[in-house]
Structure formats: structure tokens, C-alpha cells
Amino acid sequence: MFMETSLRQSVADETDRLMVLKSYLILDSNREPAFERLTGLAQRFFDVPIALVSLIDIGRQWFLSNRGLGDVRETPRKVAFCAHAIQSTEDLLIVPNTLEDPRFRNNGLVTGAPHIRFYAGAPLICPEGYKLGTLCIIDTKTRPAGLTLMEKQNLKELAALVMEAMVNRRKERMALAADRSKVMACMARDLLTPLESTRKMLSKMVESDASTSTSTEADANIRSALSSLSIMDKICTETIDNFRTDLADIANDNRRSS
């Protein structure tokens, strides 16, 4: 018998969850071997035609990895089984027969292709405590017995491996971004000294022209150059400040992830 196990999130909680999801910088990325291997393993281990890593974004579910649905990369959130899974109070969402479940029997993915009859999804729980999506397995045949205890544990552990890969990927992207920011900050710092020297030299030239009461095209060009130098100085200073801010943000993210 069907029993409702979903817990609706508040708008504030869902907003926080989406912000954390965005921080992984993974939505709309290309397929990556680390995740393809895990869905391939799930597909073979559970003997199912479809295995997915699904991330629940605003208005859509996006497939980080997709085995069995061709080139499909996303579907509307309103038809996503995984949207129910991340709101479930259970550690797994298992639907032995979709035709007998009032939440899904009229779902377009049940009444039409790919004709889902069995679904099991384990949530991807990030270090921040949010459920970002699921690792799920899907069959076009019902499985009245659901999953065995060992199969349930295996599905949860595979989901944990997916989440671990996502965390490591984010750390790598952050480290790469920090390295790039560091290079830019060093270049900006190196530019500040010659910029300041050039500014002082041009300022003296303007003062010299003023003392001789001459107003020439050269004077206008010098003032234009001074204005450009001020802009370049501002860009360099902001680049250095942004680098310091990025370092602080990365340190905070690492503390949250540890």
C-alpha cells in the first residue's frame, strides 16, 4: 500500500539548496568519465536498462550522467521522480510498481516513453546537508519485491561515491580558479609600480606646462594618458582585492566541506 513519505521544503530551504548546488559549478557541464563509470556500474549491478545521476535544479532535473535514455540531458522537474526522492523522509525512494502508485501512475514518463515501471533512487547528500539530486535506477518491468537489503545498501554507497566525486571535482575547480586568480593578482601587483612611476612623470609634465602657461595638444594627450593610468591602476587594485576575497571564500568552502 502506498504511504506518503515526502516532506515539503520551505522556500528558504529550497533557495539555500539551490545555492549550494550552483556552488558545485557542474550544471550543464559535459559528460565526465568519473560519473559515467558509476552509472555504468549501477546499470550492470542492478540489471536495469536505465541508470542516472540526476541533479534537481529550479524547474528541471538535469542528468549529470545518463545511461539508457540516449542523448537526453534534462526533463521538467514536475515529472521528475528524483524531485520526490530528495523530499522523501526515507533514505531511499523505491517504487516497485509505478502503475499502482498515485504519485506516478499518470506521469508522462510512465504513460509514455520510457514507460517507467520500477524506480529506486538514493539521494546525493552533500557535506552541507542538502539533497542535491539522486543516483537512480529504472526498469521498464515492475519489481514487486523492490530491492534486497544488500541492494539497498549498495545503491546508497554508489550514491555516496557520486557525491564524493562531485565534492572532489569542486575542490579541483576551486584550486584551479585560485591559481588563475593568483597569477592575475601577481601580474596586477607587478604593474602597479611602473604605472605609478609613469603617472608621476606625466603629472610633472602637466605641472611644467602649466607653469609656462602653454596649452597644447600635447598637454591634452598627457591628461588623457593620466586618466587611462588611473583606470588601469583601479583595475589592478580591484584584481588584487578580488583575489584576497576569493581566497577567503575558498577557505570558508573548505571548512564547510570538511
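Close-up 1. Asp 101 is buried, at a relative accessible area of 6% (buried: under 20% relative accessible area; exposed: over 50%; partly exposed: in between; 1.4 Å probe, protein chains only). The model is predicted: local features need pLDDT of at least 70, side-chain atom pairs count only at pLDDT 80 or more, and totals for chains, interfaces and linings use all residues. Residues are numbered from 1 along each chain as its sequence is written, and side-chain values use heavy atoms, with hydrogens and water left out. Asp 101 sits in the loop between β4 (93-95) and α4 (108-111). Helices (H or I, at least four residues) and strands (E, at least two) are DSSP runs, numbered from the N terminus. The Asp 101 side chain makes a polar contact with the side chain of Arg 103, at 2.8 Å. A polar contact is a pair of N or O atoms within 3.5 Å; within protein, one must be able to donate a hydrogen and the other to accept it, and residues adjacent in sequence count only if both atoms are side-chain atoms. The pair also meets in a salt bridge (2.8 Å, N to O). A salt bridge is a side-chain nitrogen of Lys or Arg within 4 Å of a carboxyl oxygen of Asp or Glu. Both Arg 103 and Asp 101 are buried.

**Close-up 2. Salt bridges elsewhere in the model.** The structure holds 13 salt bridges. One of them joins the side chains of Arg 17 and Glu 14 (2.9 Å, N to O). These two residues lie 3 apart in helix α1 (residues 11-23), so about one helical turn separates them. An α-helix has 3.6 residues a turn, so residues three or four places apart point the same way. Arg 17 is buried, at 1% relative accessibility. Glu 14 is buried too, at 13%. Arg 143 pairs with Asp 139 in a salt bridge, with the closest N and O atoms 3.1 Å apart. Arg 143 counts as buried at 17% relative accessibility, and Asp 139 at 5%. A network of salt bridges links Lys 22, Asp 28, Asp 57, Arg 60 and Glu 74.

**Close-up 3. Helix α1 and its buried face.** The expected span is 1.5 Å times one less than the number of residues. Glu 14, Arg 17, Leu 18, Val 20 and Leu 21 are buried in α1. Seen down the helix axis, the buried residues of α1 fall within an arc of 160°, so they line one face. The arc is that of the directions from the helix axis to the C-beta atoms. Val 11 and Met 19 are exposed on the other side of α1. The buried residues of α1 pack against β1 (50-57) and β6 (131-139). Contact means heavy atoms within 4.5 Å. Just after α1, Leu 25 takes a positive phi of about 50°.

**Close-up 4. Ser 29 and helix α2.** Ser 29 lies in the loop between α1 and α2. Ser 29 is buried, with a relative accessible area of 13%. Leaving out residues up to four places away in sequence, Ser 29 touches Trp 62, Leu 64, Arg 73 and Arg 169. In α2, the buried residues are Phe 35, Glu 36, Leu 38, Thr 39, Gly 40 and Ala 42. The 13 residues of α2 should span 18 Å, which agrees with end C-alpha atoms 18 Å apart. Asp 47 follows α2 and has a positive phi, near 55°.

**Close-up 5. The loop at Val 72.** Val 72 is in the loop between β2 (60-67) and β3 (74-76). Val 72 is partly exposed, at 35% relative accessibility. Val 72 and Trp 62 are 10 residues apart in sequence and 9.1 Å apart in space, C-alpha to C-alpha. Not counting residues up to four places away in sequence, Val 72 touches Arg 31, Phe 63 and Asn 66.

**Close-up 6. The nonpolar cores.** The largest nonpolar core has 33 residues; those with the most contacts inside it are Tyr 24, Leu 55, Leu 124, Ile 137, Leu 155 and Met 166. The elements giving two or more residues to this core are α1, α2 (33-45), β1, β2, β5 (118-125), β6 and α5 (149-211). α5 gives the most, with 8 residues. A second, separate core of 20 residues includes Ile 56, Ala 80, Phe 81 and Ala 85. A nonpolar core is a set of buried Ala, Val, Leu, Ile, Met, Phe, Trp, Tyr and Cys residues joined through side-chain atoms within 4.5 Å.
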